[in-house]
Amino acid sequence: MASHLPKRDLEKVGMGVTGACVVLVTLVVCALIFMVAQKGLSSFFKDGVDVVGFFTGTAWDLHNTDANGMPFTGALPLIVTSFAVMVLSTAIALPIAIGSAIFAVEIQPKFGQKVFQPLIELLVGIPSVVFGLIGFYVIVGAMKAIFHVPTGLGILPGSLVLAIMILPTITTLAIDALRAVPDSYRQGSLALGYTRWQTIWHVVLRSAAPSLMTAVILGMTRAFGETLAVRMVIGGIETMPNGLLDAASTITTTLTTSMAVYADGSVQNDVLWSLALMLMGMSLIFILIIHLIGKKGGDRA
Amino acid sequence: MSSIEASQTAQAASLQTAAAEARRAKHIERAGAQDRIATFVLTAIVAFVMLLVVSMVAYILYQGIGMLFHPGFLTEASRANGTQGGVAYQLFDSFYMLFLTLVISVPISLGGAVFLVEYAPDGPITKIASTAIETLSSLPSIVVGMFGFLVFSVNLGWKYSIISGAVALTMFNIPILVRVIQQALEDVPQSQRDACLAMGLTRWEATIHVLIPAAMPAIVTGIVLSAGRVFGEAAALLFTSGMSSPVRLNFLSLNFSSPTCAWNVFRPGESLAVHIYKIYGEGSPQAQEIVWGTAALLMVCVLMFNIAARVVGKMLAKRMTAE
């Protein structure tokens with residue numbers, strides 16, 4: 001059909017069809033952001049949930065209500081747990097990911113490309129419930145045996161599971177970042193008498209730093225938003241955690257357990273949307289940071 | 001007098017050079033040692049990571065592979081809320097939802113990627129679009145699931161259904177696919193584009209007849225790999241496709257509005273991953289066997305997607321270059 005059209009019209013059809021796809025996706029994303037924001041804010045504006053109390057209160061209980069008939073909506077325990085899990089898992093995964101990326105690019109490039117990278121990509125493909133399952137049976141069991149705690153659930157096993165999950169994200173991006181460093185930098189450094197490690201430490205890592213930062217932040221984004229694997233090992237109790245092996249609950253895991261329980265439009269449901277809004281806000285902030293890093297790196301180059 | 005002084009100075013100087021020499025030797029030695037230690041540590045890290053991956057995969061397969069050959073596990077419906085019987089319906093639902101997801105997401109992603117790579121006028125609209133896609137890719141899947149629940153299940157009245165799940169998965173899949181296809185198109189040499197345009201082809205014709213075929217191996221590899229990701233996704237499905245399959249499904253029925261018709265997209269469905277989440281905490285040994293069997297089944301499927309992606313991509317590439 002299209003081939004009978006004059007060329008200029010054909011070009012317009014092509015641009016229209018493909019443009020429509022882009023517009024559709026953009027509109028859906030805008031609708032998503034708008035709806036989550038609207039639902040999330042309605043708890044504060046419509047139901048009169050205290051904003052300050054939401055961010056600083058430590059009592060979270062949607063099931064019971066206080067004297068005014070409002071559920072307890074202090075989300076600080078969830079926020080603290082979410083951040084604790086994110087920071088801890090990144091701290092565990094970071095040295096391992098960067099180290100293996102360095103090995104796969106600088107020390108054994110051929111092995112890195114042919115063997116190591118496919119293996120790491122396999123890790124990306126493992127579903128998060130399977131990570132959770134292994135965490136539930138192996139890591140939680142190990143926690144019980146090592147630290148002699150009754151349940152073994154908590155922030156530490158959650159972070160360990162997450163660390164394994166974000167490991168491939170950071171590693172593959174770090175590998176790309178290191179590969180993008182021009183070879184002439186390495187040769188120049190080696191010609192000056194630097195050893196390989198000095199070259200890696202002072203030259204390669206230094207010049208790949210912005211991209212490595214981006215890799216780490218994308219890993220953190222994934223850790224912050226991951227749901228089911230964490231849910232299976234963290235215990236799911238919405239109180240302020242007293243330690244790393246104390247059952248806790250993150251923002252995402254609370255959503256998983258409570259979302260289907262409360263009817264659309266109820267205070268409880270709206271408060272859960274406020275949590276979702278916070279998750280969305282965090283990922284927007286992460287994207288912003290990545291853009292800022294990209295801009296800064298671009299300016300320097 | 002002066003000769004003694006001179007010899008003393010000479011002696012001091014030579015001592016100084018010797019000391020400097022020694023310092024330098026020490027420095028080089030230290031740098032060399034650091035280099036060796038670093039290499040050792042890095043090697044150890046990689047060995048650890050590889051051991052971790054291999055042992056994880058092996059552990060899952062070891063725990064669950066026996067169940068896969070258990071008669072009825074792959075062919076029977078689940079009973080007693082999933083703690084007995086097989087996972088036949090979950091397996092079917094997983095593939096059915098994957099199929100629907102790909103049917104919706106591949107054309108949209110292809111169009112979007114072509115626009116961004118080939119047309120994309122420099123300007124605010126393109127910038128907004130690529131930022132939107134980036135945003136979608138970094139949103140937690142639970143948020144996508146909640147949005148799907150609100151819009152499709154509640155507002156559109158689709159309730160817990162296969163189609164709600166497939167649309168939620170589409171939103172999760174599109175950013176992945178767009179990026180892969182974009183990459184594939186960008187990797188086609190600029191000279192091919194120039195040649196097409198020089199021959200008088202429009203950009204649309206060039207894209208359809210030259211660029212997409214040239215990028216096809218990478219596109220197919222990307223689609224199959226993304227299919228593996230979609231296949232294991234659960235968080236976005238909890239509130240959209242639901243956590244249960246009908247007790248009885250009729251695969252021969254063509255009455256698409258019947259709740260027992262397997263092909264009815266408005267019936268609830270449960271993927272393998274959701275099934276694991278639903279019953280992982282059940283204590284009975286039978287349920288545990290089913291959980292591990294399901295995990296092994298998921299792993300086998302993901303491995304197959306991985307292998308298929310590579311094989312098909314290579315085959316297509318070979319066919320294209322051999323001609």
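Which domains does the domain assignment of chain B give? In this predicted model, chain B is assigned domain 1, covering residues 1-69, and domain 2, covering residues 75-322. The C-alpha centres of domain 1 of chain B and domain 2 of chain B are 47 Å apart. Domain 1 of chain B contributes eight residues to the contact between these domains, and domain 2 of chain B contributes seven residues. On the side of domain 1 of chain B that touches domain 2 of chain B, six residues are nonpolar, two are polar and none is charged.

Chain A is likewise divided, into domain 1 (1-46) and domain 2 (73-300). Between the C-alpha centres of domain 1 of chain A and domain 2 of chain A the distance is 31 Å. The contact joins seven residues of domain 1 of chain A to eight residues of domain 2 of chain A. The side of domain 1 of chain A that touches domain 2 of chain A comprises three nonpolar residues, three polar residues and one charged residue.

Chain A contains eleven helices and two strands, arranged along the sequence in the pattern α-α-β-β-α-α-α-α-α-α-α-α-α. Along the principal axes, the C-alpha atoms of chain A fill a box of roughly 75 × 70 × 35 Å. Strand 1 of chain A (residues 60-65) pairs with strand 2 of chain A (residues 71-73) in the antiparallel sense, over three bridges. A:Trp60 has A:Thr73 in strand 2 of chain A as its bridge partner. The hairpin formed by strand 1 of chain A and strand 2 of chain A has five residues between the strands, and A:Gly69 in this hairpin takes a positive phi near 80°.

Helix 6 of chain A (residues 155-179) packs against helix 5 of chain A (residues 128-147) at an angle of about 135°, and the axes of the two helices are 9 Å apart. This angle makes helix 5 of chain A oblique to helix 6 of chain A. The crossing of helix 5 of chain A and helix 6 of chain A is right-handed. From helix 5 of chain A, the contact includes A:Phe131, A:Ile139, A:Val140 and A:Met143, together with A:Ser128, A:Gly132 and A:Gly135. These residues of helix 5 of chain A meet A:Leu156, A:Pro157, A:Leu160, A:Val161, A:Ile164 and A:Met165 in helix 6 of chain A. The contact of helix 5 of chain A with helix 6 of chain A has ten nonpolar residues, three polar residues and no charged residues.

Helix 4 of chain A (residues 109-125) also packs against helix 6 of chain A, at an angle of about 140° and with the axes 8 Å apart. Helix 4 of chain A is thus oblique to helix 6 of chain A, and passes helix 6 of chain A in a left-handed crossing. Helix 4 of chain A supplies A:Gln117, A:Ile120, A:Glu121, A:Leu123 and A:Val124 to the contact, where they meet A:Leu167, A:Pro168, A:Thr171, A:Thr172 and A:Ile175 of helix 6 of chain A. By class, the contact of helix 4 of chain A with helix 6 of chain A consists of six nonpolar residues, three polar residues and one charged residue.

In chain B, the axes of helix 4 and helix 5 of chain B come within 9 Å and cross at roughly 140°. Helix 4 of chain B and helix 5 of chain B are therefore oblique to each other. The crossing in which helix 4 of chain B passes helix 5 of chain B is right-handed. B:Ser141, B:Val144, B:Gly145, B:Gly148, B:Phe152 and B:Ser153 in helix 4 of chain B meet residues of helix 5 of chain B, namely B:Ser164, B:Val167, B:Ala168, B:Met171 and B:Phe172. Six residues of the contact of helix 4 of chain B with helix 5 of chain B are nonpolar, five are polar and none is charged.

The contact between the chains takes 62 residues from chain A and 65 residues from chain B. Elements of chain B that give two or more residues to the side touching chain A include helix 1 (2-68), helix 4 (141-155), helix 5 (162-186), helix 7 (203-232) and helix 9 (285-322). Helix 1 of chain B gives the most to this side, with 17 residues. On the side of chain B that touches chain A, 46 residues are nonpolar, 14 are polar and five are charged.

Technical notes
Residues are numbered from 1 along each chain as its sequence is written. Chains are lettered from A and ligands numbered from 1 in the order in which they are written. This is a predicted model: local features need pLDDT of at least 70, side-chain atom pairs count only at pLDDT 80 or more; totals for chains, interfaces and linings use all residues. Two residues are in contact if their C-beta atoms, placed from the backbone, lie within 7 Å. Helices (H or I, at least four residues) and strands (E, at least two) are DSSP runs, numbered from the N terminus. Ala, Val, Leu, Ile, Met, Phe, Trp, Tyr, Cys and Pro count as nonpolar, Asp, Glu, Lys and Arg as charged, and the others, Gly among them, as polar. Axes are lines fitted to C-alpha atoms, for helices over the stretch in contact, and angles run from 0 to 180 degrees between N-to-C directions. Angles under 35 degrees count as roughly parallel, over 145 as roughly antiparallel, 65 to 115 as roughly perpendicular and the rest as oblique. A crossing is left-handed if the near helix is turned anticlockwise from the far one by less than a right angle, and right-handed if clockwise. Domain bounds come from an automatic or database domain assignment. Two strands pair if DSSP finds at least two bridges between them.
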